[in-house]
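Thanks for making time this morning. I would like to walk through one model, beginning with a pocket and moving on to rings, charges and the core.

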Amino acid sequence: MSFSTQLALDAAAIQVRLDAAMAGFSDEPVVQAMRYAVQGGKRLRGFLVLEAARMLGVPQARAISAAAAVEALHAYSLVHDDMPCMDDDALRRGLPTVHVKWDEATAVLAGDALQTLAFELMADPDLGSAETRIALVAGLARASGAEGMVLGQALDIAAETAIQPLTLDKIIELQAGKTGALIRFSAEAGAILAGADPAPLRAYATALGLAFQIWDDVLDVTGDAAVTGKAVGKDAAAGKATFVSLLGLDEARARATSLVEQAEIALAPYGPVAQNLIDCARFVIARQS
């Protein structure tokens with residue numbers, strides 16, 4: 001099955017699992033906002049969980065809750081990052097952001113509830129033994145907390161008021177947390193589910209995550225808001241140091257391409273069964289949104 005077909009099928013399956021997880025919830029505004037926040041998107045992180053698991057012999061039915069968990073966690077991060085106190089975005093996936101459609105308090109609470117839902121999903125007994133689920137929960141916590149995504153976002157906010165623009169090394173450090181940590185864990189989760197060595201998938205996803213962020217910076221310069229589904233040109237307008245501002249557009253593209261090549265090399269131990277993960281890496285630097 002081709003990467004694009006598998007990605008679409010996985011996205012639909014993840015949506016079904018998220019809908020099922022919230023089916024018994026009330027219809028209060030905060031729950032409406034939660035359901036709204038998990039609609040759409042590429043589901044790339046969830047795909048990484050499912051594809052890595054499939055590659056290592058773990059059936060989708062066993063891995064689906066882990067994939068839904070990382071997507072719930074990702075959705076929470078977007079709801080909070082879009083708020084005026086952080087990135088201050090009014091558009092996400094071509095639609096009004098949660099704080100715009102509802103209000104800031106509802107956005108905070110919806111994000112909080114999506115985060116806790118993520119850990120509830122990651123504790124699903126279908127995922128395997130207690131030891132496996134503890135490893136998954138701990139991995140998600142590290143990737144999303146003060147060692148990962150939250151740290152990266154904090155560094156990003158601090159950079160906006162820093163006297164000196166960030167260096168390239170500092171931007172790489174920032175993005176390794178803000179974007180890279182959850183992408184890395186998503187791939188590793190498949191190995192955890194299979195009881196396999198996560199090192200090759202960790203190396204793959206580390207390169208993939210950095211390529212993803214570099215391409216986001218490229219799209220912020222070259223993209224069209226009607227296609228990306230979010231505002232573009234914000235970084236340049238704010239005078240923010242990015243991969244493009246430091247490397248130039250052509251070098252940023254070349255760096256992303258080199259990282260995709262590194263990601264492919266990391267998958268060599270798996271042979272032909274890793275083709276969809278290879279195609280995923282290539283997609284990251286071909287996407288328009």
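Predicted model: local features only at pLDDT ≥ 70, side-chain atom pairs only at ≥ 80, totals over all residues.

**The second largest pocket**

The second largest pocket has a lining of 14 residues, and those nearest its centre are Y36, A37, Q39, R92 and R93. A pocket here, on a 1 Å grid over the protein atoms alone, is an open set of points where a 1.4 Å probe fits, with protein on both sides within 12 Å along at least five of seven lines, and a lining residue has an atom within 4 Å of a point. Residues are numbered from 1 along each chain as its sequence is written, and side-chain values use heavy atoms, with hydrogens and water left out.

The space in this second largest pocket comes to about 170 Å³, where the volume is that filled by probe spheres set on grid points joined across faces, edges and corners. At least two lining residues come from each of α2, α4 (60–81) and β2 (95–96), and α4 gives the most, with 3 residues. Those labels follow DSSP runs numbered from the N terminus, helices being H or I of at least four residues and strands E of at least two. By class, the lining has 8 nonpolar, 3 polar and 3 charged residues, where Ala, Val, Leu, Ile, Met, Phe, Trp, Tyr, Cys and Pro count as nonpolar, Asp, Glu, Lys and Arg as charged, and the others, Gly among them, as polar.

R93 is partly exposed at 30% relative accessible area, on a scale where buried means under 20%, exposed over 50% and partly exposed in between, with a 1.4 Å probe and protein chains only. D88, in the loop between α4 and β1 (91–92), also has a positive phi of about 55° without being a glycine.

**Rings and charges**

How many aromatic pairs does the structure hold? There are 3, a pair being rings of Phe, Tyr or Trp (its six-membered ring) with centres within 6.5 Å, stacked if the planes are under 30 degrees apart, edge-to-face if over 60 and tilted otherwise. One of them joins F3 and F47, edge-to-face, at 5.2 Å centre to centre with 80° between the planes. Because F3 lies in helix α1 (residues 3–21) and F47 in helix α3 (residues 44–55), this pair ties together parts that are 44 residues apart in sequence. F3 is buried at 7% relative accessibility, and F47 is buried at 0%. F3, F47 and F283 form one aromatic cluster.

Turning to charges, the ring of F212 has the charged end of R45 over it, 5.5 Å from its centre, and also that of R287, 3.9 Å from its centre. The criterion is NZ of Lys or CZ of Arg within 6 Å of the ring centre and within 35 degrees of the ring normal.

**The core**

Finally, the largest nonpolar core has 44 residues, of which L114, M122, L140, F185 and L193 touch the most other members. Such a core is a set of buried Ala, Val, Leu, Ile, Met, Phe, Trp, Tyr and Cys residues joined through side-chain atoms within 4.5 Å. To this core α4 gives the most, with 12 residues.
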